[in-house]
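I opened my notebook to follow a few pieces of this structure and see what each one sits against. Here is what I looked up, entry by entry.

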Amino acid sequence: MRIASNHDLETVEMRKAFVETLIQEGNKNSRIVTVNSDLCSSMGITDFVKIFPDRSFNVGIQESNGVGVSAGLSAAGMIPFFHTFAVFASRRVFDQAFVSCAYAGLNVKIVGGDPGVTATTNGGTHMSFEDIALMRAIPTARVIEFSDTTMVRKVVPQVVEHYGVDYMRLMRKCLHRIYDESSEIIVGKANVLREGTDVTIIACGLEVYEALTAAQQLEEEGISARVVDMFTIKPLDNECVIESAKKTGAIVTAENHNIINGLGSAVAEVLVENIPVPMERVGAQDEFGEVGPQNYLMERFNLTSKTIYEKAKRVISRK
Amino acid sequence: MQNPNFEYMRRLSADIRVETVKAISKAGAGHIGGAVSIADVLAVLYGGAMNIRPSDPDWEHRDWLVLSKGHAGPGLYAALALTGYFPMDWLDTVNKPGTRLPSHCDMKRTPGIDMTTGSLGQGLSAAVGIALGNRINGIESYVYCIVGDGEINEGQIWEAAQTASHNKIDNLILFVDWNKKQLDGKLEDVNDPIDIAGKFEAFGFEAQTVKGYDVEEIYSAIERAKKVKGKPSVIVLDTLKGLGICFAENAVTCHFMAVDEKMEKEAIDVIEKRYEQGAYPGGESRK
């Protein structure tokens, strides 16, 4: 893994990187199919549909059926990718993902777009602060949140190779660049983006950039922060969590999700069973989402680097 | 199949009922009513209508069956054991610890089970997906699916029906086990599905309604459905919940019942008596 030379906002949208990678994989592997529910253009899947019309199915506004059809396609040997917004890709289809896909031992890839505050003007009904919680409760299911386009390009081929239910959180638009394009990124292995000795910030998705920004601010005050991109929320890289606790003695988690049953809970579970150290969680505080532009929502739900910085100082004081 | 052996199918349907009631009696209780109301369609499918290889359950070119009303598993297990998918003594283990035959169908545990079901309403979507996958792979097999008449309360069934029709899936043949009762009572007293065949027609299906306990009528309906091109077919099986099991026929509700050895013996005696008389499984004369 190699970190990018700068963390500017990328010019390529996440959904663009996703569909380009899926097309590249689709050219190599004729078993890859897409199932969509009237959000092809929003999710950026249209290019795949145009190239592979016989391997794409739009079930309309029927997410439960779409996941069920995906399960059937898998039973017939295909590798279905089902795309919709994160709220529908998790809570609306939970039983279908659980029974028809995971419990049945099938191979279905579910992509949840616009997680958390990135739902912006779609507002509270569309703001998934619970999708990680739901999907990580499904036995065998893996949960991944992409943090930039390089990660998308490195991880999607691994998702194709893996047999089982994978849930991917995909912000559709541009994120800040985190990784150099030459990076090797392995599902299940956390990426240590920055070494530190006083505190570790474990983040995922758009919070990774906020964590790096907070670490920079902390450094200016002489506080050394380790930063970890825990993009695989399940299976969690327990070793990295334990190593971080040993090295820094304090942990802050940051996620674009409810602090209940998301990344923070997953990290806390590992800490209390192995190496209890002071910990703070950044994320939605058991609240519903609301409508607004992303920068407003980042402030509203205390997801900015400022909150991470403050929680880092607080957790250090609790050592 | 060129020459359907209706006598074999009739005997098979009696055997499915016998083995189902024995298995549920061994387990102490089970979903008897809806397991035996599909005994006749299972006898037709596994007794000749389906292109299958019991010694090679995952054969790529097989016909598939998705038993969406997964709680009828014991009825299907009886059909699978009787046609050679696994040893008959497995039927003694239904719902016992470590069994390969759980009450609801589980494709990971049981040879010949093509789809895991149990949460009602999900199987037809999977059947649609299987048919689409086979289409991509150039496999010309039939996908059969059985749903319950109570199960079609579930909205997902109608989502899947719409998708089957939109995609012109003419190798999908759906059966509705119209046995008139769901768990809490009669369909019309719970949430009346109104005109089942008419609803599927409105969703673009070719619909037929046949005596759900007459193997010849069921077989003929399948043959007609196979000739329908450009749209899926539904065959509504007009039958009764618990049909052919005397104590279930006479019960107010028979979705899930405790069954003891005395009931088992009495039921088997009635099954055999009706079979020997040449009557339908419910005792009605064929004339």
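**Entry 1: a helix in chain A.** I began with helix 4 of chain A and found that 13 of its 13 residues are buried, so the helix is largely enclosed by the rest of the structure. Buried means 20 or more other C-beta atoms within 10 Å of a residue's own, exposed means 12 or fewer, and partly exposed is in between, with C-beta atoms placed from the backbone. Helices (H or I, at least four residues) and strands (E, at least two) are DSSP runs, numbered from the N terminus. The end C-alpha atoms of helix 4 of chain A are 18 Å apart, which agrees with the 18 Å that its 13 residues should span at 1.5 Å a residue. That expected span is 1.5 Å times one less than the number of residues. After helix 4 of chain A comes A:G77, with a positive phi near 100 degrees.

**A note on the model.** I keep in mind that this is a predicted model, where local features need pLDDT of at least 70, side-chain atom pairs count only at pLDDT 80 or more, and totals for chains, interfaces and linings use all residues. Residues are numbered from 1 along each chain as its sequence is written, while chains are lettered from A and ligands numbered from 1 in the order in which they are written.

**Entry 2: across to chain B.** What do the buried residues of helix 6 of chain B pack against? I found helix 4 (63–75) of chain A, together with helix 5, strand 3 (143–148), strand 4 (172–178) and helix 8 (196–202) of chain B. Among those buried residues of helix 6 of chain B are B:I157, B:A160 and B:A164. Helix 6 of chain B has twelve residues and reaches 17 Å from first C-alpha to last, close to the expected 16 Å. Just after this helix, B:K168 has a positive phi of about 50 degrees.

**Entry 3: where the chains meet.** I looked up the contact between the chains: 23 residues of chain B touch 25 residues of chain A. Contact means that the C-beta atoms of two residues, placed from the backbone, lie within 7 Å. On the chain B side, helix 5 (123–136) and helix 6 (155–166) each supply at least two residues. Helix 5 of chain B gives the most, with ten residues.

**Entry 4: a sheet in chain A.** Next I traced five strands of chain A that form an open sheet in the order 7-9-8-11-12, with mixed pairing. Strands pair if DSSP finds at least two bridges between them. Strand 7 (191–194) and strand 12 (279–284) of chain A are the edges, each pairing on one side only. Strand 11 (residues 251–258) and strand 12 of chain A run parallel and are joined by five bridges. In strand 12 of chain A, A:A284 is the bridge partner of A:N258.

**Entry 5: one residue in chain B.** Is B:A207 buried or exposed? B:A207 is buried, with 21 other C-beta atoms within 10 Å. I placed B:A207 in strand 7 (residues 206–211) of chain B. Leaving aside neighbours within four places in sequence, B:A207 is in contact with B:A197, B:F200, B:E201, B:V234 and B:V236. I also checked B:V66, 141 residues from B:A207 along the chain: their C-alpha atoms are separated by 19 Å.
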